[in-house]
Each structure stands twice: as structure tokens, then as C-alpha cells.
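Please review the following briefing on a protein complex alongside its sequence and coordinates.

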Amino acid sequence: MKVGVVVFPGSNCDRDMYHVLTDVFNINAEYFWHEKGLPKNIDAVILPGGFSYGDRLRAGVIAAHSPIINDVRKMAEKGIPVLGVCNGFQILVESGLLPGVLLKNESLNFMCKWTNLIVENNKTPFTNQFKLNEKIPIPIANGEGRYYVDDDTMKELKKKNQIVFRYSEVVNGSTNRIAGVCNEDGNVVGMMPHPERAVESDINPVDNKPSSLIFESLLTKMGVSK
Amino acid sequence: MSLEEQELDELKYKIGRNPTSTELQIVAAEWSEHCSYKSSKKHLKMLPMKGPRVINEKGYDSGVLDVGDGYVVTAHIESHNHPSAVEPYGGAATGVGGVIRDILSAGTRPIAIFDGLRFGDIEKDIHARWLFKNAVTGIADYGNCLGIPTIGGEVEFDECYENYAMVDVAAIGFGKKEHLIKNHAKKGDIVVLMGGSTGRDGIGGSQFASDSLESEDRSAVQIPDPFIEKLIIEAVLQARNDGLIHAMKDLGGGGLSCAISETADALEIGIEMDVNKVHTRESDMHPDEIMVSESQERMLIVTSIAKLKKLQEICKKFRIGCSVIGQVKSDNQVHIKKGKKTVANLAADIVANATLLDLPSKEPTYLKTIEIEKKFKPVSDYSKLLMKLIASPNIASKIWVYGQYDHEVGIRTVVKPGTDASVLRLDNGKYLSAKIDGNPKQCYINPREGAIGCFEEACRNVVCTGAKPIGMLDHLQFGNPKDPEIFWTFLESLKGLTAFAKSFEIPCVGGKVSLYNETPAGSIKPTPVIGVIGLIDKKPSVPQKISKDDCLLIIGDTKDELGGSEYFEYIHKFIGGKCPTVNFEDSKKHMKSVLNIIDKNLIKSAHDCSKGGLAIAVSEICMTNQIGCKVSLDKVPGEKLDVDRILFSESHSRYLLSFDKKNLSKIEELLKKNKVSFKQIGQFGDEKIQFIYGSKSIINLDLKKTHRIWLHALPNLVLHGKKSVQ
């Protein structure tokens, strides 16, 4: 099994994600520069956090036009698991692979803090090891993290079970406290909080097990036993 | 802005002719206080700079410490006071950028940022609020975009910074020892300018920073672009891995003038460069402007012709500029051309080495009477007083500040900001602890003891995490050095720091001097800021949640030392009194004992006692642990003092330990053996912060309410101009 970590100019959580995949979960991972294509033998793709293109214009909008996004789109259509974290989520939204938009936080400030997620959908490749409503202690770090959809789209999201994570408290003014969503097929997931910052016990002040299930879900999906 | 008359004469004498206009600009930049340290350099030599872990290489802009197993840590501190006072967002942001490139220059990846911020009284002064708010946003936008965590710092407000801003930024880097850039160059090597384009921003910035701030010269402030800086970091580290860099220097104060002349001087080479080859932002720039522009996000790299192609490929990948601007010669000259025409040709050592000054100093007259205390009105309600102090800008929680900084990126942050010192995990299984501290209120009253106090406080913070201090950074910030009284305070602070560093065997690995910090109302208070780096071989002391019936114990005597305290200055509006002093022997015993106790795993947390004294330190422990505590003031060790002095004295070398009572006897035994003054003074439980004297209740505050006020006081003031407690 091989996971591709996509690197854009300005990505800054790529090395953290790579460390977690390889050193913590023993997953074969490889970096892919945004101008390159993705090879056919990739089993999952992760778009890590950061400030692609310095967040110019709008977070994620320039990276969404990078050459590699065409390959990510093709893989998403084939049902291959795709995860976007923070800026990766913003890129997936801007490229139309996920619904909704990410607006400036209600405080208008960048926010870095620990919060809790609640699992709303445990059928995706990144949540299949969770029980519904399970809590995940996890940090957020973003300036444009307020998820927004209009009422009609909200109804659709609920109907099609596309809400994956919600915050347990009001964090940034997101619609329905949404922290993560998936596409209709469920194989493309985007989330604002950083699971790669929460899976190791020495840097997680609460509990590192719940967030680890995100990566263990992917292993399970790939048929790799622990 | 240009050279002073006698400096111009000296230059003419040294080169034997009249300088060209470009030569004048180059020399004026390099001989400025900011670049040359001409007033301070003679005296800075007194600081101990060697140690078993210190690695010295020529041409480094940051200090290097060996942390074992083939790894090194680099560290540096800088300020951006003048620019931030004029344009706080850009000034603070480019302050971060500059210090990060210093770390990068050694060939190490920056892994942490610290910032020390000081402004005027934000309760009264709307302008100070504006400066503060924008400086914080500037640091956040720059550091967050780079993906380097901002993990610590300090924020302080004092009337002496009215219409001014002190923005100090420290950074830490980490890397393999074998990857350190060993700066070298030989004839025929080429000189490359990498990164952002050279524009008209920051023209004459270093001279601007070397003068009193009289006019708001916004064009002297540089424009930040963190995205380019991020690309430079990745490109440089890739070039480093591929062995493409012979020598490297970041472009900071003085721009190309300083980078070229200092590189030539340090490596004992000549450099011939052509301003036409520099990639510029505007087409009609004069050679003088190109040479002194302080446009940000640029690196000077010396490489060979054979390696150039690979370097250009890396720059192309990251889409950053990469211009071959010159070549290495053997004549030790800095030779600047525009096409074929020479515009400057000077010996590198003349440019890079300004004549050092030996300025006169004289003890300030105000110090003769400063220790005399005045009589205060008796305090009727200590609960109300403590609440007022908890809501004061200097004491209130700074979560509004560090909550805007990404302090988790890089996944190294084991102990997060908001405690004593932050702790990072390193790749060799060890942990790094670091903290910066300043205390201008105390330094004003006693420049020597105040500076020592900052140093000890930073050490105490690091010790509380279980780390042994291994290196120090000093940032000495004062007013106009030509005033003998100000220069005396500079020398006193420096002497104090030297004495402490030598006695504790903590080498100074880097530092900066910032002079001419003058506001319209006069000089700032002496503001040395000290950074201490500590190393933890095993496990750090990560604060554990305190529970009911746990014990509170204090190490160290509380003395009648309230000069410069928050209590005197904020509550009584009185500047003066006796400044706390550090007894070196006690200080060492206490550090050793705390480290011993942490090593034996006997406590849940250690917290140092500093700003606001015992009352604030206890309140902070209660609030961060969401548990009350009852403290007996009559048990506090030290001379017999009035209640207010026990509560608010800011005596040094004091630590508060919280632990399960089953460990009390072991801790007492260890402390007795080490001949340390200590006492168990309180017990945790309930939801009240209580102080009693004998059976008399002195303070009784509701924990939840106090916590709420502490958390919200700062944003309420900054964003809404509202004081939380009248």
C-alpha cells in the first residue's frame, strides 16, 4: 500500500503528515510535487495543511488549479480515498471535489487551539473504525476555517450523510458546527483540524487514541491489519 | 542620513581619496550602529561565549550548540523596534523573517519562534492598542505562513514605551551537525543572490534604526512576504542537502552592502559584483539604492560554477529569483560595478570594521534616591486588589496573543505556550526548553540586578520544565548611548549578565544590541531581554492536573523587594523601592534541587514566582488547574513582612511545587539535605483562591469568576477598550 502526500509551494504540514504515516503507522508514503502527476499505483492521496501560494486571493484557490489536481480528481472519481487536512480541505473545496466554502473565522483571527470533534459518519475510509458520536480531542490552526453552506445544500449534506465531523462546541462560527465533510461517494474527506498533530501521546495533552483511528481506518480500508 | 563628519574624514584618510556616492552609502550602512555595534562591541567581549557545547564557525549570524548524537541547535535574537513603532504589522513581520534567515544561514531548519512585545499603557493609550494588535497580527501572519511554531514570549506594557514599540524575535533551529554550512570561498567561486527582488523598500533601514525616531519614515520599513520566505527555506535546505552552498549570508540590515562586505571580510576574499545583474522590482533603480535596499527574503550564496546549474534548477522549482551577481576574487576588495563602470571599490576590512567607540558613562542621578519608598494608603480589601491585578494588562492571560500563533505545527511542541517555558521534542530523543524574559521596571531601578533578574527568571522557567540551561541569548535595548547616563545603565546590565553567565557557566551564544530607543517623551527604560535554552536528556516535566488535597510548597525566601513590582507600579503608581537581587549560591542550590525533584518524579508541576509575586503565581496555578487553594501567609519563609509584601514581593529564586501529599516527606528530606529554605504553605481543593494569615482571612476569591476575568481582560481591553475591573 502506498499513500501520496501532495506538496504545493507553501505547504507546511507535509513533513508532519509524512512522519505520522511512515514513522507512526508504518505506511509507505511518498511526496508528490504539485507540478508532477500521480502514478497509477497510489492507494490513497493526502493533501496536507499549510499556506499554499501564501493563501493569496483566497486560501486554496490557486493550488486548486495546479496540474496535480487533475490526477487527484481522476483518482477521486475512481473511488480512491482522498483526505484533505486544513489547507488541503480548502483546496478540495476550491477544486469542487467537496461542497461548501471556508470563510474567515468569526473572530477574524487565526486560531490555534485544542478542541473536540464528534464523529457523524463512520462509513468513510478515514472513519470506519469509529463509533458514531465518538469524541476526538484534536487541535485546529487556521484563519479561514469557518465552513459555510446554504440551507438547501445543508439539507442535501444531511440527506446524503456527507457531514463527517462536527465540533463539540462553537469554535469559529461554522454552519452547524461542521468541521469535516465528504463527497457523495464518501471516499473524499476534508477536515479543518489536524489529525497528524494528535496521534502521538507526547504532544497530545488529552488522548491520542481517538485521532489515531483516522489512520487506522485507512489501514483497515486498505485491508492492512495492524 | 550619512556618515558623521569625523567618520567621513576617517574614511577619506583610510582610502586616500574622496569616496564615490555609492561608497558613501555602503559605508554609512555598514558603519551604522545597527550593523557595526560600534558603541557596544568593545564591551560585549566580556560575556563568556565559549563552552563545551558551543560550536564557532566564521561568518555565522546565529549561535550553535551541540545537543549530542550528531545534532545541533541554533539560536538567535533580533529586534525590530524602530520599524514596528512606525508600521507595526510590517515591522513585526519582517522582524520574524530576519531572524529566521539567520537560523537558515547556518544550514539549520528553523523550528521555533519566540516574541517579546512591549508597548505603552494600553489602558489609556489607543495608539498603543493599535500598535500591539497589529504587531501580533504581523507576527501571526508571517510565522503561521512559514509553518514555524511561535511557542513562547512575553507581553508587557509600560508608559516608557508610549508612541513606541519593542518587538523582539528569537528563533531556534535544528539540524544535523554534518549539515552545518562551513563558510568558505575561493577565487573563481560565484556569488548568487537568491530570493525576492530588490526594491525601494527599507532604503536606509539600518541607519533609520540607528537614530532616534524623529520622523515617521515609512519607506525605511520593509514589506513582508512570508510566502517567498517559505520557498527560500525549502530551496536553501535542498541546496544544503545537495552540497551546493560554500558560504551563505542573509540580507538584513544594510542589504547587499553589509552582506557583501561582511562575507568578504569574514572569509578573507574579494567580491566583485555588478548591480545590473541584481533582479530588481523596479527598472530605474540607482546603484546606491540597490546596494542599501533592505528588501526582505533574500539570501547571498557563494557556490562554484560547476554547482550553479543545480542551484538554478532548485530555484526554478520553487520559482524564486536566482541571479549570479558577482564572483570571488583574491584581492580582499569589495568592488561594485554597474556594467563595466566601477561605482565602488573599497577594502573589505575598512567597510566591515567601523572604528569602535569607547563612550563615556556616568551613574544616573535618579538612581541616588530611587530606593526611597513613599508611604502608601493602607489597603482595605485585598481580594479586590488581587482581582484588579489579575485583570491588569501585564498579568492577564496572554492566550489572546498566542492563540493567534500556530504553536503546534512541526509536531514538536510537548509543553505548549501559557506555562513557564515551552518544550520541544528533538529527533535524538532529547527535549529542548526555552524562554525569553525581560523586566524593564526592575532594570530601571537597578540596571545590574534587574538584568541578572531577567537572566535568572528565564533560567527558572526552563528549570521548571526539568531542563538544565545550556545557552543564553542577550538582547540589550537602551536609549541614546551618547548620553553617558544611559551608557552607564548599558554597561551595568552587561556586567551583571556577565557575572551571572560566568558563575552559572551558561555561555552567551548570540545576541543583539539595539540603541537609540528614544520616544518623544524620552529614553525607554533599560530593556535587556534574555533568552535561555535548556536541554532535557530524559523526560520533560509536563504539568499534570492538580487534584484535591495536593500540597503546595514554596522554595526560597520572600524578601522586602518590591521595587519595580506590579504591586507598586500598577496599584500604587509608584516607581521606586528596592529591586530584587539574586543570591547566586541560593539560586544554584534551588535550581539543582528543583531539577533533582523533577528527575525523581515527585511533583505534578513546578511554577516560578515572578511578576505579581506569590499571590499571582498561586492564582495562576489555581486557574490553569481549575482548582482552589488555601495558602497560609504566616508560613511563607523569609524575613517577617507585612501581608502586602508577602503577597506581592517579586523576590527571585522562588519556585512553587505542587504534588501529591504522599511525596511530601521525600521532597522535604531532599530540600533539607540541600540546605534550601522552603515550607509547605498550602493545600489544594474547593473552588476558592484563599490566602490566610494565622486564622485571619486575607483574600478569598471565587475561582471561576477570577479565571473568567483573567482570560478575557486583555481582549476586552484591546478590542473593546473596556477595563474588566475598575
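Residues are numbered from 1 along each chain as its sequence is written, while chains are lettered from A and ligands numbered from 1 in the order in which they are written.

**Confidence**

- The predictor assigns the complex an ipTM of 0.96 and a pTM of 0.95.
- The average pLDDT of chain B is 95, and 98% of its residues score at least 70; pLDDT is the predictor's confidence in each residue, from 0 to 100.
- Where pLDDT is low, the predicted coordinates should not be read in detail.

**Chain A**

- Chain A contains 5 helices and 11 strands; helices (H or I, at least four residues) and strands (E, at least two) are DSSP runs, numbered from the N terminus.
- Its C-alpha trace spans about 40 × 35 × 35 Å along the principal axes.

**Chain B**

- Chain B comprises 24 helices and 28 strands.
- For 726 residues a compact globule would have a radius of gyration near 27 Å, and the 26 Å of chain B agrees.
- The C-alpha atoms of chain B fill a box of roughly 90 × 50 × 45 Å along the principal axes, and 62% of the 726 residues are buried.
- Chain B is divided into domain 1 (1–30 + 181–354), domain 2 (45–172 + 397–541) and domain 3 (543–726), with bounds from an automatic or database domain assignment.
- The centres of domain 1 and domain 3 of chain B, taken over C-alpha atoms, are 51 Å apart.

**Interface**

- The contact involves 21 residues from chain A and 23 residues from chain B; two residues are in contact if their C-beta atoms, placed from the backbone, lie within 7 Å.
- On the side of chain A that touches chain B, the elements giving two or more residues are α1 (14–24), β6 (111–119) and β7 (135–142) of chain A.
- The largest share of that side, 3 residues, comes from β6(A).

Methods:
Predicted model: local features only at pLDDT ≥ 70, side-chain atom pairs only at ≥ 80, totals over all residues. Rg over C-alpha atoms; globule rule 2.2 N^0.38 Å. Buried ≥ 20, exposed ≤ 12 C-beta atoms within 10 Å, placed from the backbone.
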